[in-house]
Amino acid sequence: MTETTPARRGGRQLPTAQELRIWRDFIETTAALGSRLESRLQGDSSLSTGDYAVLLALSEAPEQAMRSSALASHIGWERSRLSHHLGRMERRGLIRRQECATVPRGAEVLLTTAGAEAFGKATFPHLRAIRELFVDALTPDQIGAAGEIAAALRARLDALRED
């Protein structure tokens, strides 16, 4: 097997050495970028990226409220993970949970005034960090390619989830 000749196992083609190098660079760079953004967000606002994702989703939702199951799906988290995280956010006064009036045993998550204020204060520094660490590192063509890559990966993951 050479660097450009993929191995076959069970009829499936394995990544080439070059593809594996690119994959590793992609994963390691994504992790480093996420870590740097998390650190900046935490330092600038005392919010985690998880807090920010929840607050963003609620700020964009009608009446700044969502059913917890819809919120979990929207941000791509398991419901148990979201439940634990919402408990911490609720203790900090960022969100409030209440029973859903229209769905038995359903819970609704509401953005509080304190949550909206925290989100508002965090947004400009967070967007500035995204500009500095991601946007400014790439050309406009690379930004477009990154969008296409993200869309292709998301489509593949969505298709696999439906199987």
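Which residues in α3 meet Arg79, Leu82 and Leu86 in α4? In this predicted model, the residues on the α3 side are Ser68, Ser69, Leu71, Ala72 and Ile75. The two helices pack at an angle of about 105 degrees, and their axes lie 9 Å apart. An angle from 65 to 115 degrees counts as roughly perpendicular, so α3 is roughly perpendicular to α4. Sorted by class, the contact of α3 with α4 has 5 nonpolar, 2 polar and 1 charged residues.

Once neighbours within four places in sequence are left aside, Ala72 is in contact with Trp77, Arg79 and Leu82. For the pair Ala72 and Leu82, the separation is 10 residues in sequence and 6.2 Å in space, taken C-alpha to C-alpha.

Helix α4 also packs against α2. Here the angle is about 90 degrees, with the axes 11 Å apart, and α2 and α4 are therefore roughly perpendicular to each other. From α2, the contact draws on Gly50, Asp51, Val54 and Leu55; from α4, it draws on Leu82, His85, Leu86 and Met89. By class, the contact of α2 with α4 has 5 nonpolar, 2 polar and 1 charged residues.

The next topic is the nonpolar core. The largest nonpolar core has 23 residues, of which Val54, Leu55, Leu71, Leu82, Leu86 and Ile95 touch the most other members. Two or more residues come from each of α2 (49-60), α3 (68-75), α4 (79-91), β5 (107-111) and α5 (113-133). The element that gives the most is α2, with 5 residues. Leu86 shows how such contacts reach along the chain: not counting residues up to four places away in sequence, Leu86 touches Val54, Leu71, Ile95, Arg97 and Val109.

The structure holds 2 aromatic pairs. One of them is formed by Tyr52 and Phe119, whose rings are 5.0 Å apart centre to centre with 40 degrees between the planes, a tilted arrangement. Tyr52 lies in helix α2 and Phe119 in helix α5, so the pair ties together parts that are 67 residues apart in sequence. Both Tyr52 and Phe119 are buried.

His126 brings another contact to Tyr52. His126 lies in helix α5, and at 10% relative accessibility this histidine counts as buried. Residues up to four places away in sequence aside, His126 touches Leu41 and Tyr52. Tyr52 is therefore a ring partner of Phe119 in the pair that joins α2 and α5, and a contact of His126 as well.

Glu148 presents a contrasting setting. This residue lies in helix α6, which covers residues 140-162. With a relative accessibility of 60%, Glu148 counts as exposed, whereas His126 at 10% counts as buried. Glu148 and Leu33 are 115 residues apart in sequence, and their C-alpha atoms are 19 Å apart in space.

Note on methods: Residues numbered from 1 in each chain as written. Predicted model: local features only at pLDDT ≥ 70, side-chain atom pairs only at ≥ 80, totals over all residues. Heavy atoms only, no water. Core = buried A, V, L, I, M, F, W, Y, C linked by side-chain atoms within 4.5 Å. Buried < 20%, exposed > 50% of the residue type's maximum accessible area, 1.4 Å probe, protein only. Helix = DSSP H or I, 4+ residues; strand = E, 2+ residues; numbered from the N terminus. Contact = heavy atoms within 4.5 Å. Axes fitted to C-alpha atoms, helices over the stretch in contact; angles between N-to-C directions. Parallel < 35°, antiparallel > 145°, perpendicular 65-115°, else oblique. Nonpolar A, V, L, I, M, F, W, Y, C, P; charged D, E, K, R; others polar. Phe/Tyr/Trp six-rings, centres within 6.5 Å; stacked < 30°, edge-to-face > 60°.
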